[in-house]
Amino acid sequence: MQEQWLHQIQSTSSLSELDNLRVHLLGKNGLVTQQLKTLGSLSVDERKSKGAEINALKDRVAAAIEEKKTSLETHALDQRLSNEKIDITLPSRPEPTGKIHPISKVIQDITQYFSQIGFQVFDGPHIETQELNFDALNIPAHHPARQSHDTFYVSGSDDILRTQTSPVQIRTLRDHKPPIRFLAPGRVFRSDDLDATHTPMFHQIEGVVIEEGINFSHLKGTLIDFCRWFFENPNMNLRFRPSFFPFTEPSAEVDISWKNDKWLEVLGCGMIHPTVLKNCGIDPDQFQGFAFGMGVDRFTMLKYGIDDIRSFYNGDTRWLDLYGFGAL
Ligand code: DAH
């Protein structure tokens, strides 16, 4: 009987089949249990030897079932593992990744550069008051920039779309006391016709430093270092050409020496006009400062060899690949 049962246990092929067999053998009315029940009708001596024999048989059967159970379970697990195996060597399906826009990249790069020399970043609204865009910056009512063919006026209001990031100078300096260094990057709007070098919306970065004893040498050193870093040319020559802005005195345009030693105008700058400082509640006898303003679109076009400003805004993303602007 033992041989036969062990063989039956061995040849089961599923856990449910094995469980049925267990009940058949060891259950309340199972074959092994029935054997145990016969003991009652035996003599004491017989019962001793027979009892030990049957109990040993029962243990062997139980152990065999346990062993088979473990082996069936392991087998089932192996089966599942191999069925559910994922091939992690398969290449994933290509998914388009976002790319950073060249203008955003240049703004990020420039703010990062200046943050290393202590500049904070401030922001201002696109819809601005005439007071902050013009008057507080010492730009008089008769200045040509204030004509409607140069500036977008908001209908039904005295406000305009800011024509420059310079009003952020006023906003920031009225709220934060010097010493201070900051940049104000952002969009500006002028009622320009669209061509290869003009769009009605473009980007500027304003820079301001106000501390005691700041002078024109600090301005020159800062901008020379910056342009040489930005254009990756440590020997680049710069020219500070006398110019005029109502909010700086003296004022200069900065030209860089470009290919074939051509001079190219890249930004405006100057020592902040005492009237502008006073308009912000700063005593010009105590604090001096310089400011500069650059066109981000122009800087980007020069650095990356882009010849039409409209490509920044026409939404054709293939163009980003063309100029090698990688994934974020
Ligand atoms: N706001 C000037 C413009 O839009 C640029 C500029 C020139 C900004 C000189 C400055 C500056 O801060 O000092 O043309």
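At what angle do helix α1 (residues 2–11) and helix α4 (residues 44–83) pack, and how far apart are their axes? In this predicted model, the angle between the two helices is about 15°, and their axes lie 9 Å apart. Angles under 35 degrees count as roughly parallel, and α1 is therefore described as roughly parallel to α4. The crossing in which α1 passes α4 is right-handed. On the side of α1, the contact is formed by Q2, W5, L6, I9 and Q10. The residues of α4 that take part are L57, R60, V61, A64, I65 and K68.

Aromatic side chains were examined next. A total of 19 aromatic pairs is found in the structure. In one of them, the ring centres of F226 and F299 are 5.9 Å apart and the ring planes stand at 35°, so this pair is classed as tilted. The two residues belong to distant parts of the chain, being 73 residues apart: F226 lies in helix α8 (residues 216–230), whereas F299 lies in helix α10 (residues 296–304). Both F226 and F299 are buried.

F226 and F299 are also members of one aromatic cluster. The charged end of K303 sits over the ring of W229, at 5.9 Å from the ring centre. The charged end of K303 also sits over the ring of F230, where the distance to the centre is 4.5 Å.

Notes: Residues are numbered from 1 along each chain as its sequence is written. This is a predicted model: local features need pLDDT of at least 70, side-chain atom pairs count only at pLDDT 80 or more; totals for chains, interfaces and linings use all residues. Side-chain values use heavy atoms; hydrogens and water are left out. Rings of Phe, Tyr and Trp (its six-membered ring) pair if their centres lie within 6.5 Å; planes under 30 degrees apart count as stacked, over 60 as edge-to-face and the rest as tilted. Helices (H or I, at least four residues) and strands (E, at least two) are DSSP runs, numbered from the N terminus. Buried means under 20% relative accessible area, exposed over 50%, partly exposed in between (1.4 Å probe, protein chains only). A charge sits over a ring if NZ of Lys or CZ of Arg is within 6 Å of the ring centre and within 35 degrees of the ring normal. Axes are lines fitted to C-alpha atoms, for helices over the stretch in contact, and angles run from 0 to 180 degrees between N-to-C directions. Angles under 35 degrees count as roughly parallel, over 145 as roughly antiparallel, 65 to 115 as roughly perpendicular and the rest as oblique. A crossing is left-handed if the near helix is turned anticlockwise from the far one by less than a right angle, and right-handed if clockwise. Contact means heavy atoms within 4.5 Å.
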